[in-house]
Amino acid sequence: MTIRAYLRASTNKQDANRAEESLKDFVKQFGQKIDVFYRENESGTKLNRPQLNQLLADCDTDSQGNGDILLVEDIDRLTRLKPSEWEILDGRIKSKGVKLVIMSLPLSHEPLKTNIATHDDITRAVMKGMSDMMIQILATIARNDYDKRRYRQRQGIDKVLADPKTHRTKYKGKQANTKQYERILRLIDSHHTYKEIKETLNVSNDTIVNAKKWRNEQQASKDKDNQPLFEPSDLEQPKIKRRGRKPTL
């Protein structure tokens, strides 16, 4: 039996290794140690995750038919999937004979206990059934929590957008990656082709187009700032038409 710990964070700005030490200390309580860690920065709403896929591919059963252990800190480290996608992942875990152990769920700790063989068949079946049921409930809660947070974020954005004054001061939307744009523009000015820029900087056609658009907007804004308050023609004295005397007859 191999204990495989799965560590996940949603973005590269978050630390996927945060829970490593607490998981090590946790399994020590049962006289066990973690054999291998799988780390990745991927959203829990994605079913297809490279390291999770690798973990399940590596899982096997021993000569006695005992499957490996998949260890996570909390259910939301494993899933924030939609119910239909969680059903797929749950099926993959069970098809490999993997035992899911969640540090925050005591009912799931049984596979780590060295004296588990002392339980009778009925006790093991009841405890496994209760653990499976709680895992299903927690998986649903993890997804609902994600959906609620997204909904509240959307409400906040919509409220800001509805007020033009607040919109201008508080909500600026996605900001341009100006450093990347500047690199793209330098290559454009050096007469490099789109293909060369894409291969060099690993960017898309849309990003190159956005960089050119950004420069045009910056230039237009600069020209507007430098525009005089009055046009030269506005400063010219108006021509006054003078009427001559009518000739006397």
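Modeller: We begin with how elements are named: helices and strands are DSSP runs, numbered from the N terminus. The model before us is predicted. In it, Asp76 has its place in helix α3, residues 75-78.

Biologist: Is Asp76 buried or exposed?

Modeller: A residue is termed buried when its relative accessible area is under 20%. Asp76 has a value of 18%, and therefore counts as buried.

Biologist: Which residues does Asp76 touch, leaving aside those up to four places away in sequence?

Modeller: Asp76 touches Arg8 and Ala142 on that count.

Biologist: Which residues line the second largest pocket?

Modeller: A residue belongs to a lining when it has an atom within 4 Å of a pocket point. Arg77 is one of the residues lining the second largest pocket, and others include Ser10, Arg80, Tyr146 and Gln153. This pocket has a volume of about 190 Å³. Helix α5 supplies the largest share of its lining, 4 residues. By class, the lining has 1 nonpolar, 6 polar and 4 charged residues.

Biologist: What is the volume of the largest pocket, and how many residues line it?

Modeller: Its volume is about 550 Å³, and 23 residues line it. Nearest its centre lie Lys99, Leu100, Pro111, Lys128 and Asp132. The elements giving two or more residues to this lining are α4 (83-95), β4 (99-102) and α5 (121-162). Of these, α5 gives the most, with 7 residues.

Biologist: How is the lining of the largest pocket divided by class?

Modeller: The lining of the largest pocket has 8 nonpolar, 8 polar and 7 charged residues.

Conventions
Residues are numbered from 1 along each chain as its sequence is written. This is a predicted model: local features need pLDDT of at least 70, side-chain atom pairs count only at pLDDT 80 or more; totals for chains, interfaces and linings use all residues. Side-chain values use heavy atoms; hydrogens and water are left out. On a 1 Å grid over the protein atoms alone, a cavity is a set of points where a 1.4 Å probe fits but cannot get out, and a pocket is an open set with protein on both sides within 12 Å along at least five of seven lines; lining residues have an atom within 4 Å of a point. Grid points are joined across faces, edges and corners, and a volume is the space filled by probe spheres set on the points. Ala, Val, Leu, Ile, Met, Phe, Trp, Tyr, Cys and Pro count as nonpolar, Asp, Glu, Lys and Arg as charged, and the others, Gly among them, as polar. Buried means under 20% relative accessible area, exposed over 50%, partly exposed in between (1.4 Å probe, protein chains only). Contact means heavy atoms within 4.5 Å.
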